[in-house]
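Subject: Structure handover

Hello,

Here is the structure for you to look at. My notes on what was found in it follow below.

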Amino acid sequence: MDCLFCKIAAGEIPSTKVYEDDQILAFRDIAPQAPTHILVIPKVHIASVNEITGAHSALIAHIFEVIPTIAAQEQLENGYRVVSNCGADAGQTVHHLHFHILGGKTLSTEMA
Ligand code: AMP
Ligand code: ZN
């Protein structure tokens with residue numbers, strides 16, 4: 001499958017890793033939209049939020065258990081935003097599930 005984030009997860013395309021375990025990887029966004037902009041992905045291919053099933057429950061929970069660890073590591077004690085774009089209207093460009101962690105400044109109060 002020709003998936004950019006599967007290739008990053010497999011180490012075939014380089015990334016600036018900030019966290020990795022057997023199930024997930026977090027790396028810096030190549031075009032940051034905030035001083036801290038990190039993407040958290042499952043290593044297994046899931047196309048988007050729409051493709052999450054009950055079989056992924058433990059994996060998705062794990063992602064959200066690790067996000068605060070990454071936020072602490074990045075000194076985001078003042079707060080941060082977690083975003084997942086799903087589909088065309090949200091502007092999803094990479095069709096491998098990912099959660100953006102944005103922080104390091106006071107973020108826009110507008111979300112849409
Ligand atoms: P989305 O628009 O929600 O699908 O987010 C995709 C994100 O992936 C964008 O913020 C891109 O800047 C980021 N991105 C694309 N290619 C790479 C790459 N090779 N390494 C890191 N981030 C990337
Ligand atoms: Zn993939």
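Around ligand 1 there are 16 residues, and those that come nearest are Asp 29, Asn 85, Thr 93, His 98 and His 100 (a residue is near if one of its heavy atoms lies within 4 Å of the molecule). This is a predicted model, in which local features need pLDDT of at least 70, side-chain atom pairs count only at pLDDT 80 or more, and totals for chains, interfaces and linings use all residues. Residues are numbered from 1 along each chain as its sequence is written, chains are lettered from A and ligands numbered from 1 in the order in which they are written, and side-chain values use heavy atoms, with hydrogens and water left out.

Contacts of the ligand: a polar side-chain atom of Asp 29 is 2.5 Å from an oxygen atom of ligand 1. For His 100, a side-chain N or O atom lies 2.9 Å from an oxygen atom of the ligand, and for Gly 91 a polar backbone atom lies 3.2 Å from one. On its own, ligand 1 has 510 Å² of accessible area, of which the protein covers 84% (Shrake-Rupley method, 1.4 Å probe).

By class, eight residues of the shell around ligand 1 are nonpolar, six polar and two charged (Asp, Glu, Lys and Arg count as charged; Ala, Val, Leu, Ile, Met, Phe, Trp, Tyr, Cys and Pro as nonpolar; the others, Gly among them, as polar). Helix H1 (4–9) and strand E2 (24–28) each supply at least two residues of this shell, and H1 gives the most, with three (helices are DSSP runs of H or I with at least four residues, strands runs of E with at least two, numbered from the N terminus).

Regards

Note on methods. Polar contact = N/O pair within 3.5 Å; in protein donor to acceptor, adjacent residues only side chain to side chain.
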